[in-house]
Each structure stands twice: as C-alpha cells, then as structure tokens.
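Q: I would like to learn how to read a structural model feature by feature. Could you take me through one, giving the general idea before the particular case?

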Amino acid sequence: DPWSLLLDAERLPGPLGARRRQPGDRLPIAAGMSRRVQDLLVDARIPQALRAAWPIVVAGDALVWLVGVRAAAPYLADPASRQVVRVDVLRDAAPA
C-alpha cells in the first residue's frame, strides 16, 4: 500500500511530523545517495498543481517519506527492527 509505511523507530533521528516540500529538499534513497523531491514527484507523475502541497513525513529535520511516492531507505523497518512505527495516511475523497 503506497499510503502506509513501516519505520524502524530506533533509526529515526527525531519526532515524526509532516510538512510540505521546501526548495532543495532531498530524500535519501540508499547509502550516500539521495534524489531531489522535485524529481521524484515528476517521475511519479504527480500533477504540477499538487506538488507544492504534497505531504512529506519528517523525523526531526530528516525527510523520511514522500507520501505515496517513495520512502527514505535508511529509516525503513526490516526483519531485524526491534521497534516498528506504522504510519498511515488517509487520502481525502474527491469532491462531489
């Protein structure tokens, strides 16, 4: 489910929160590698009108999840995780 994510609580660098994207935001995708949030949104074909308000889950100052698009690899839960946090995002229904 692209709207649900399991995180390793022990790896999170701070409390969880949510915000919109900011200029220069980068999401860590592998050890020592990151991608611009703008590029990830374009690749996911998120309409331009929605990109500025697209939700991002953060832990402290670290980007953890570009909701529905991609998660930051360093914070994902794995079989060795002792404490797991589940984050679910509910989508608004389309206006009638």
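**Reading the pocket, the ring pair and the fold**

A: Let us begin with the lining of the largest pocket, which by class has nine nonpolar, no polar and two charged residues; please keep in mind throughout that this is a predicted model.

Q: How does one look for such a space, and what volume does the largest pocket have?

A: Rolling a probe the size of a water molecule over the atoms shows where empty space is left. In this model the largest pocket has a volume of about 220 Å³.

Q: Which residues line the largest pocket?

A: The lining is formed by Trp 3, Ile 46, Pro 47, Leu 50, Ala 53, Trp 54, Pro 55, Val 89, Leu 90, Arg 91 and Asp 92.

Q: How should I read a pair of aromatic rings, and how many aromatic pairs does the count come to?

A: A pair of aromatic rings is described by the distance of the centres and the angle of the planes. Here the count comes to one aromatic pair. The ring centres of Trp 3 and Trp 54 lie 6.3 Å apart with their planes at 45°, so this pair is tilted, given that planes under 30 degrees apart would count as stacked and those over 60 as edge-to-face. Because Trp 3 belongs to the segment before strand E1 (4-8) and Trp 54 to the loop between helix H2 (48-51) and strand E5 (56-59), the pair ties together parts that are 51 residues apart in sequence.

Q: Are Trp 3 and Trp 54 buried or exposed?

A: Both Trp 3 and Trp 54 are buried, and both are also among the residues that line the largest pocket.

Q: Turning to the whole chain, what pattern does the protein chain follow along the sequence?

A: The protein chain has two helices and eight strands, arranged along the sequence as β-β-β-β-α-α-β-β-β-β. Its radius of gyration is 13 Å, close to the 12 Å that the globule rule gives for 96 residues, so the chain is as compact as a globular protein of that length. Buried residues make up 31% of the 96 residues, and among contacts between residues at least 6 apart in sequence, 69% join residues at least 24 apart.

Q: Where does Ala 18 lie, and which residues does Ala 18 touch, leaving aside those up to four places away in sequence?

A: Ala 18 is part of strand E2 (residues 16-19), and with those sequence neighbours set aside, Ala 18 touches Ile 56, Val 57 and Val 58. Its relative accessibility is 66%, so Ala 18 counts as exposed.

Methods:
Residues numbered from 1 in each chain as written. Predicted model: local features only at pLDDT ≥ 70, side-chain atom pairs only at ≥ 80, totals over all residues. Heavy atoms only, no water. Phe/Tyr/Trp six-rings, centres within 6.5 Å; stacked < 30°, edge-to-face > 60°. Helix = DSSP H or I, 4+ residues; strand = E, 2+ residues; numbered from the N terminus. Buried < 20%, exposed > 50% of the residue type's maximum accessible area, 1.4 Å probe, protein only. 1 Å grid on protein atoms, 1.4 Å probe; cavity = no way out; pocket = protein on both sides within 12 Å on 5 of 7 lines; lining within 4 Å. Points joined across faces, edges and corners; volume = space filled by probe spheres on them. Nonpolar A, V, L, I, M, F, W, Y, C, P; charged D, E, K, R; others polar. Rg over C-alpha atoms; globule rule 2.2 N^0.38 Å. Contact = heavy atoms within 4.5 Å.
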